[in-house]
Amino acid sequence: MLKLKAFCGSIRTLAAASKDNGGMPLRSVLIVDDDASIRTMVRTVLQRGGFEVEEVGSGNQAIARIREKLYDAVVLDIMMGNGSGQDVLQALALERPNQK
């Protein structure tokens, strides 16, 4: 539960900073997790923070989605079936080498 509270606090801080940074606000986030309940919780927190959220349930789906669209941020579960989070990170680095 402490990790969840810390995560929610980090998201709120990110949301506030993206609104106040004077530049382009962070808006679009892709959630990648094979646990639907985790995706729902993260989506709810992000949407309350004003983010546009999309979600997928596997690494392979994430890679396909990343090829279609540029996201400001990706919330990624590292240990998943059907394409690990590490696979997604590698694909992201190849597909969007200038994105951090």
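A residue is called buried when its relative accessible area is under 20%, exposed when over 50%, and partly exposed in between (1.4 Å probe, protein chains only). The model shown is predicted, so local features need pLDDT of at least 70 and side-chain atom pairs count only at pLDDT 80 or more, while totals for chains, interfaces and linings use all residues. Residues are numbered from 1 along each chain as its sequence is written, and side-chain values use heavy atoms, with hydrogens and water left out.

**View 1. The buried residues of helix H3.** In helix H3 (residues 59–68), the buried residues are Gly 59, Ala 62, Ile 63 and Ile 66. Seen down the axis of H3, these residues fall within an arc of 100 degrees (taken from the directions from the helix axis to the C-beta atoms), so they line one face of the helix. Helices (H or I, at least four residues) and strands (E, at least two) are DSSP runs, numbered from the N terminus.

**View 2. The salt bridge between Arg 65 and Glu 54.** The side chains of Arg 65 and Glu 54 meet in a salt bridge, 2.8 Å from N to O (a side-chain nitrogen of Lys or Arg within 4 Å of a carboxyl oxygen of Asp or Glu). This pair links distant parts of the chain, with Arg 65 in helix H3 and Glu 54 in strand S2, 11 residues apart. Arg 65 is partly exposed at 25% relative accessibility, and Glu 54 is partly exposed at 24%.

**View 3. The salt bridge between Arg 43 and Glu 55.** Arg 43 forms a salt bridge with Glu 55, and their closest N and O atoms are 2.6 Å apart. Arg 39, Arg 43 and Glu 55 are linked in a network of salt bridges.
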